[in-house]
Amino acid sequence: MEVRVRYAPSPTGLQHIGGVRTALFNYFFAKSMGGKFILRVEDTDRERYSDESLQDLYDTLDWLGIKWDEGPVVGGPYGPYIQSERFELYKEYAEKLVKDGKAYYCYCTPERLEKVRQEQIASKSDYQGYDRHCANLTDEERADLEAQGIKPVIRLRVPTEGKTTFHDVLMGDITRKNKDVSPDPILLKSDGFPTYHLANVIDDHLMGITHIMRAQEWIPSGPLHILLYEAFGWEPPIYCHLPMVMGKDGQKLSKRHGSTSVRDFRAKGYLPEAIINYVTMVGWSLDDHTEFFSKEDLEKCFKIENIHKAPGVFDYKKLDWFNGQYIRECSDERLASLCTPYLQEAGFISKEETEEEKKLVLSLIPSVKERMKVLSDVVPLTSFLFKDEPVTDKAVYIAKGSNEENTLKALDEGSRILLSGLKEGKAEAEIEEELVNLSKTLEIKVNGVFQPIRVAITNSTVSLPLFDSIRLLGLDETERRLERAIKNFKEN
């Protein structure tokens, strides 16, 4: 059996981490089994549909390097792969269920359905839901209702007795009493639009999907889908409901935890290889020690049995660490190219980027590479080179445990040690040792000396290594900034 899996998002919002993880699990499982990864767009929710969301889907998978074997744009033998282009198909199959007695036309108006709902609530009835009013209409009754111009929906005839069971690769057998399944749910709306359940089952069957890997939140829909497969007389696929993606607080990952859309992560400067590596490990592992995987590694080693049952925790700090590791693996040339748009957006270099600017950016990379967690870090780390906005707040110069008096002494004497040492050609290690000795003389921590010097030179407490900053800035400009900081500190 050829493995055929699908990623079937609804283009009603930007691609988020949970959805992308589902795509990655499906993709890597398919590739590891020599199977096919199908992309299907479930766009039947026309009220929430947006072209921007659809384009974001394509852009996200393209950025991650995830190529679908069949689907929109690339085509395939079971198309079209966009549900809004398959409406006649859904109507045909829904009407077949009616003909076979597995479904029926329902003419109940929204007003009647609301009245029934209110009566059930008022009577505190054990039975809540559609009352199957149209389940056994005669042909004459149907004809009379249609003569009134009422357009019917098509409802599935759900058994009122017995149980329905489906097997999940991770969770085992899951059983639900049929009376607890949504009572005779709508399959085809009066406007001809299919509901999610009908379109989903038909498409999965006709596209030959062998394994359905989707979020655990879809488990309650499992019995209904099995009933649909049975109604059509089809063999259901193998189910694997994926663990939830949670924040560190144990709640489902959402915007309250931070960015969740891949577009946001991409804009901030995360690398696709870091996203792929880390997100795949949220709820999956190969063993208890391997952390780094390339896309090519995962295409070979991903196993469905290694997916965890327990929810996966998305840790933003761990992702930062992963991204930092991948940044340091970049060549200087690639990293310079990746950082350039951020420097352009900040106005530090021109949009056209001259040859001189290219050389300048490349010269920055060895210094910034070790300090970056995300690509956008290049802006605050290098801003002191492109704009000079001196810090006037004395508190910024004063390190923890120091005070104003010692900070001025550290700035004054430290500048003298630093500048004279550089002009005399002393080794950086020797100058650094003298600055450490100064902190001992002043009886303050080492940072009590280095922080005011860094702030004076880079206009920030977060900066490149001290001597790297000086080399990039130049000795004359360094001296000017140190003298300015001392003067301002004394006068303010």
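User: What should I know about the model and its numbering before reading any values?

Analyst: Residues are numbered from 1 along each chain as its sequence is written, and in this predicted model local features need pLDDT of at least 70, side-chain atom pairs count only at pLDDT 80 or more, and totals for chains, interfaces and linings use all residues. Side-chain values use heavy atoms, with hydrogens and water left out.

User: What makes the backbone at Lys124 and Glu353 worth a remark?

Analyst: Phi of Lys124 is near 50 degrees and phi of Glu353 is near 55 degrees, each a positive value in a residue other than glycine. Most residues other than glycine have a negative phi.

User: How do you know that Glu52 and Arg263 form a salt bridge, and where do they lie?

Analyst: A salt bridge is a side-chain nitrogen of Lys or Arg within 4 Å of a carboxyl oxygen of Asp or Glu; for Glu52 and Arg263 the N to O distance is 2.9 Å, so the pair qualifies. The pair links distant parts of the chain, with Glu52 in helix α2 and Arg263 in helix α8 (residues 262–268), 211 residues apart. At 48% relative accessibility Glu52 is partly exposed, and at 36% Arg263 is partly exposed too.

User: Why is the contact of Lys409 with Glu405 called a salt bridge, and how are the two placed in their helix?

Analyst: The closest N and O atoms of Lys409 and Glu405 are 3.3 Å apart, which is within 4 Å, so the contact counts as a salt bridge. Lys409 and Glu405 are separated by about one helical turn because they are four residues apart in helix α16 (residues 404–423). Glu405 is exposed at 52%, while Lys409, at 39%, is partly exposed.

User: What is the radius of gyration of the protein chain, and how does it stand against the globule rule?

Analyst: The radius is taken over C-alpha atoms, and the globule rule is 2.2 Å times the number of residues to the power 0.38. A compact globule of 492 residues would have a radius of gyration near 23 Å, but the protein chain has 32 Å. The C-alpha trace spans about 105 × 55 × 45 Å along its principal axes.

How values were computed: Buried < 20%, exposed > 50% of the residue type's maximum accessible area, 1.4 Å probe, protein only.
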